[in-house]
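Subject: Handover of a structure and notes on its contents

Dear colleague,

Please find the structure below, together with its sequence. I would be grateful if you would read the notes that come after it with the model open beside you.

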Amino acid sequence: MIDKEMEEAINKQINEEMYSAYLYLSMSAYFERIGLKGFANWMYVQHKEEMDHAMKFYRYLIERGGSVRLYAIAEPPHEWDSPLHAFEETLKHEKHITECINNLVDLAERKKDRATFNLLQWYVDEQVEEEANDEEIIQMLIIVGDKGNGLFMIDRELAKRTYTPLAQEE
Ligand code: FEO
């Protein structure tokens, strides 16, 4: 049976991951609206990955005999100044998520909860990848520019991203 404080913290993280999914779905709709289908695809895939992150915690809580609480998901923004602005906000959000995961690791250590500590290592690695992906796209947008031909080149690149369900990765 999982510790109650740990359970509460994981339930809050399920909400953070679901909010992330919501935020990226909203960004996907924004990119559709401004005619950048590749960017929209990238964000849609990200939305699905965030739901996987939420569901991995959800399954884990059930496995540990915990109780899942699905808190209300806040409304995300729906408008950004430019593609660069949207990705800067994405990176800012992912840094916040990294901090949440690090706090969970600290709690698992304090509680001597080895199973949760082990689970969290997957999220620690995932956050490194997520921040690196966002930084790479931000760099592309800065170098190539977020207007005209450069933007369409990046759009074509981001159209290639495909979704791999988590279960198939492991
Ligand atoms: Fe699930 Fe993007 O952190």
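The notes below describe the overall build, then the first helix, the aromatic rings and the charged side chains.

This is a predicted model, in which local features need pLDDT of at least 70 and side-chain atom pairs count only at pLDDT 80 or more, while totals for chains, interfaces and linings use all residues. Residues are numbered from 1 along each chain as its sequence is written, and side-chain values use heavy atoms, with hydrogens and water left out.

Overall build

The chain contains 6 helices and 0 strands; here helices (H or I, at least four residues) and strands (E, at least two) are DSSP runs, numbered from the N terminus. Read from the N terminus, the order of elements is α-α-α-α-α-α. Along the principal axes, the C-alpha atoms fill a box of roughly 55 × 30 × 25 Å. A compact globule of 170 residues would have a radius of gyration near 15 Å, and the 17 Å of this chain agrees with that. The radius is taken over C-alpha atoms, and the globule rule is 2.2 Å times the number of residues to the power 0.38. Of the 170 residues, 48% count as buried; buried means under 20% relative accessible area, exposed means over 50%, and partly exposed lies in between (1.4 Å probe, protein chains only).

The first helix

Helix α1 covers residues 4–33, and its 30 residues should span 44 Å at 1.5 Å a residue; the end C-alpha atoms are 44 Å apart, which agrees. The expected span is 1.5 Å times one less than the number of residues. At the start of α1, a side-chain oxygen of aspartate 3 comes to within 2.9 Å of the backbone nitrogen of glutamate 5. Just after α1, glycine 35 has a positive phi of about 80 degrees.

Aromatic rings

A search of the whole structure gives 8 aromatic pairs. Rings of Phe, Tyr and Trp (its six-membered ring) pair if their centres lie within 6.5 Å; planes under 30 degrees apart count as stacked, over 60 as edge-to-face and the rest as tilted. One of these pairs, phenylalanine 31 with phenylalanine 87, is tilted, with 6.3 Å from centre to centre and 35 degrees between the planes. This pair links distant parts of the chain, since phenylalanine 31 is in helix α1 and phenylalanine 87 is in helix α3 (residues 83–110), 56 residues apart. Both phenylalanine 31 and phenylalanine 87 are buried.

Phenylalanine 57 and tyrosine 123 have ring centres 4.0 Å apart and planes at 10 degrees, so this pair is stacked. Phenylalanine 57 belongs to helix α2 (residues 37–63) and tyrosine 123 to helix α4 (residues 114–144), so the pair ties together parts 66 residues apart in sequence. Phenylalanine 57 is buried at a relative accessible area of 0%, and tyrosine 123 is buried at 1%.

One aromatic cluster is formed by Tyr30, Phe31, Phe39, Trp42, Trp80 and Phe87. Trp42 also has a charge over its ring: arginine 161 lies over the face of tryptophan 42, at 4.4 Å from the ring centre. Likewise, lysine 56 lies over the face of tryptophan 122, at 4.6 Å from the ring centre. A charge sits over a ring if NZ of Lys or CZ of Arg is within 6 Å of the ring centre and within 35 degrees of the ring normal.

Salt bridges

The whole structure holds 10 salt bridges, each being a side-chain nitrogen of Lys or Arg within 4 Å of a carboxyl oxygen of Asp or Glu. Arginine 33 and glutamate 79 meet in one of them (2.9 Å, N to O). This bridge links distant parts of the chain, with arginine 33 in helix α1 and glutamate 79 in the loop between α2 and α3, 46 residues apart. Arginine 33 is partly exposed at 49% relative accessible area, and glutamate 79 is partly exposed at 47%.

Lysine 92 and glutamate 89 form another salt bridge (3.2 Å, N to O). Both lie in helix α3, 3 residues apart, about one turn of the helix. An α-helix has 3.6 residues a turn, so residues three or four places apart point the same way. Lysine 92 counts as exposed at 54% relative accessibility, whereas glutamate 89 counts as partly exposed at 26%. Finally, Asp3, Glu5 and Lys111 are linked in a network of salt bridges.

Yours sincerely

Definitions and conventions:
A polar contact is a pair of N or O atoms within 3.5 Å; within protein, one must be able to donate a hydrogen and the other to accept it, and residues adjacent in sequence count only if both atoms are side-chain atoms.
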